[in-house]
Amino acid sequence: MMDFFIAKNHNIPVQPPAPVELITLPFSKQGEEVKNGIEQVTQELPKIAPPKEPTPEPIYTGFNYLPMELLLKVMKQISVDDRLACGQTCHRWMEAAHYYLPFSKRVIYKFTNVNFTDYEPPIKSFLGAFRIFPSIAIKSCTFYGNSQFWPRFGEHVIELTIKNCLIKDTELLYILENVPNLRQLKIEQCDELFRSWYFEKRTSCCESHFVLPDLVDVSLTNNDFLDELHFNKLMTLAPNIAHLDLSNCFKMIASHRRVAMVEHIMRFINMHQFQLQTLKFNGTLAIDDICLSTLSMIDGLSLETFSMTFCDKIPAAIIDLLRRQPDLNITQDLEWKVGRHPIKAPGFISFLVRQTNLVHLDLTSSLGITDEVMELITTCLPKLKTLKLRRCILVTDEGIINIVNLEHLEVLDLSNCYRISDRAMYREVIGRKVKNLQELYLCELPNLSDYSLIQVTLNYEMLQVLDLSNSPNAATDATMQYINYYLVSLKQLHLYCCTKVSDAGLTGIDLPVKPMITWDHEEVFPLDRLFKLRVLNLIGCYRISDLSLQNAFKLAELKELHLARCYQISEAGISVLSQTAKALEFIDISECPCVNDNCIEMLTANLKRLRTLKVNKCALLTNACLEIIGRNCSYLKFLHISGCPRLKKPKKRLAHLSSLKAIYVEW
């Protein structure tokens with residue numbers, strides 16, 4: 001059965017009543033005989049109507065009368081934005097788009113830069129709503145007292161994010177008390193909350209006698225002034241916690257307070273060792289080798305997701321032993337005798353060896369990751385699906401050779417590991433298939449050439465995300481042709497500052513060398529073969545001109561397009577783009593010197609779903625474009641017009657545009 005919040009699933013037509021045949025008794029007419037002074041009445045027997053054929057049920061045509069099962073099946077194949085747009089077609093489509101619970105749970109309601117009070121919109125308007133709001137994100141808002149929004153809708157709230165808000169401890173506890181079914185809680189960048197939360201002076205207001213039994217995911221990232229009392233209070237509300245994120249915390253406090261806080265967290269992990277599945281410490285200071293030694297000694301800790309920034313230096317003697325004896329069975333008590341002094345295994349190595357069930361590992365910006373550590377990762381963690389090594393600058397070709405041993409790998413990030421070259425990528429890593437790879441990030445790899453990228457296209461045909469930003473030698477016109485032909489499942493393609501990509505690579509026109517020749521027939525492939533593409537980043541690809549926009553951008557599902565610093569783009573190309581990519585919701589044409597008011601007219605008139613428009617440093621724009629935006633843009637939310645000297649008083653001119661949330665006029 002379909003799960004609906006409001007069950008109005010069928011349109012049953014009202015059938016008209018069956019026609020009734022009237023039977024009359026005819027009286028004698030004038031001139032008829034009268035016997036015995038009594039008028040003779042000729043009574044006719046009632047006529048029995050012949051049986052009629054049953055009235056056929058009316059047949060309704062049109063998309064608004066599709067069966068609900070078929071309508072839901074169609075909507076499951078499209079994105080959230082597309083589904084919400086479909087919900088404006090008619091009542092039946094709105095019912096399918098909003099009231100079907102698996103759909104409604106995927107919609108996030110975001111409140112940004114508003115006063116969270118019952119006496120001002122938008123909260124005043126939401127109090128009369130009849131929907132449910134399972135996921136709520138509140139950013140840069142100010143709370144004024146306890147709102148009735150939470151007692152009214154809190155029962156259905158499953159995910160709650162509070163980021164960079166001015167909120168008191170009493171208001172926070174009031175909110176949490178009214179969301180009994182909460183599963184995910186994020187309190188991020190709320191230092192003012194923890195600065196003003198004093199337990200010793202205001203114990204009465206901080207007392208609470210409730211718990212959230214379903215709360216399993218807690219994120220407290222980017223909070224510097226979170227102390228032990230705050231941490232204990234929040235963790236008491238989540239007795240069944242399984243996922244804990246403390247990334248980028250404790251940066252602005254004294255070192256002794258930072259160490260004390262980390263030790264307190266380690267004790268908490270020890271107490272909940274059998275239920276924790278995720279630990280994230282990216283960018284959090286004081287998470288060092290000593291902490292990892294402590295974690296490695298917790299026998300009941302079996303993580304699925306772990307992330308940290310490891311910058312400690314592993315002793316050279318240990319690295320030498322690992323290089324000579326890579327198959328050592330390392331334990332916490334194992335000691336190697338180097339000279340006269342025994343050396344224990346470093347905490348990081350011991351931790352990795354013991355966490356054999358890790359599925360997601362993020363070591364971004366870890367300066368302590370070496371080739372020997374990489375060999376341990378590829379040997380001891382066979383279940384890995386995600387491996388992120390961005391900015392691990394000590395990793396070389398030798399360290400990534402054995403990545404092919406990770407048969408279940410789905411996400412691989414080797415960006416900014418500038419020591420990686422074609423020698424390992426072409427011969428060892430890319431040349432051997434990893435069947436499930438879906439996301440590949442190869443940013444800022446100057447030693448990577450197009451030979452490796454061609455092998456990527458030949459071996460990873462199921463890729464959905466490919467990022468080649470700032471790798472100018474890898475992304476060329478030749479590789480673009482291979483990408484256009486083989487990677488038809490791509491949803492995101494990032495070519496930021498890939499200056500060797502030109503119109504020839506995107507369109508196949510005037511290629512000096514054709515990549516594929518079948519007998520005597522030379523074949524070329526335009527960009528629009530990637531029909532599933534949703535995000536395309538071409539910032540800084542200055543060799544792209546109107547020719548590409550006119551011949552290679554028939555992308556019906558493209559949502560986000562970045563064309564900043566593409567200096568050759570002009571009105572002719574944007575005219576075609578606005579007609580062929582009508583699903584665009586985000587477009588960036590900043591620093592394009594040929595963009596004028598006519599370009600804005602064409603974009604805003606044809607892209608009805610445009611929500612973010614970036615035209616920074618477009619010197620030709622005048623106040624007329626503001627009038628055009630105010631007239632054509634019904635759904636625009638964010639407008640970036642920094643560095644446009646001829647635009648005067650944009651906020652005043654667009655004040656009537658109710659959908660507009662922010663206008664950025666300064667960098």
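This is a predicted model: local features need pLDDT of at least 70, side-chain atom pairs count only at pLDDT 80 or more; totals for chains, interfaces and linings use all residues.
# Questions on packing, burial and cysteines

Q: Is the crossing in which helix 1 passes helix 3 left-handed or right-handed?
A: Helix 1 passes helix 3 in a right-handed crossing. Residues are numbered from 1 along each chain as its sequence is written, and side-chain values use heavy atoms, leaving out hydrogens and water.

Q: What makes helix 1 oblique to helix 3?
A: The axes of helix 1 (residues 68–75) and helix 3 (residues 91–98) cross at roughly 60° and come within 10 Å. Helix 1 is therefore oblique to helix 3, as angles under 35 degrees count as roughly parallel, over 145 as roughly antiparallel, 65 to 115 as roughly perpendicular and the rest as oblique. The axes are lines fitted to C-alpha atoms, for helices over the stretch in contact, and the angles run from 0 to 180 degrees between N-to-C directions.

Q: Which residues of helix 1 and helix 3 meet?
A: Met 68, Leu 71, Leu 72 and Met 75 of helix 1 meet Arg 92, Trp 93, Glu 95, Ala 96 and Ala 97 of helix 3 (contact means heavy atoms within 4.5 Å). This contact of helix 1 with helix 3 has seven nonpolar, no polar and two charged residues. Here Ala, Val, Leu, Ile, Met, Phe, Trp, Tyr, Cys and Pro count as nonpolar, Asp, Glu, Lys and Arg as charged, and the others, Gly among them, as polar.

Q: How do you know that helix 3 is mostly covered?
A: Six of the eight residues of helix 3 are buried (under 20% relative accessible area; exposed is over 50% and partly exposed in between, with a 1.4 Å probe and protein chains only). The buried residues are Arg 92, Trp 93, Glu 95, Ala 96, Ala 97 and His 98. They pack against helix 1, helix 2 (80–86) and helix 4 (101–104).

Q: Why is helix 7 called largely enclosed?
A: Helix 7 (residues 169–177) is largely enclosed by the rest of the structure because seven of its nine residues are buried. Among them are Asp 169, Leu 172 and Tyr 174.

Q: Why is helix 22 called roughly parallel to helix 23?
A: Helix 22 (residues 571–580) and helix 23 (residues 597–606) pack at an angle of about 5°, and their axes are 9 Å apart. Helix 22 is therefore roughly parallel to helix 23. Their contact has four nonpolar, five polar and one charged residues.

Q: Why is Asn 270 called partly exposed?
A: Asn 270 has a relative accessible area of 40%, so this residue counts as partly exposed. Asn 270 lies in helix 11 (residues 255–271).

Q: How many disulfides are found in the whole structure?
A: The search finds zero; a disulfide is a pair of cysteine sulfur atoms within 2.5 Å. Cys 392 is in no disulfide, and the nearest cysteine sulfur, that of Cys 417, is 5.5 Å away.

Q: What makes Cys 392 and Cys 625 count as buried?
A: The relative accessibility of Cys 392 is 0%, so Cys 392 counts as buried. Cys 625, at 2%, counts as buried as well.

Definitions and conventions: Helices (H or I, at least four residues) and strands (E, at least two) are DSSP runs, numbered from the N terminus. A crossing is left-handed if the near helix is turned anticlockwise from the far one by less than a right angle, and right-handed if clockwise.
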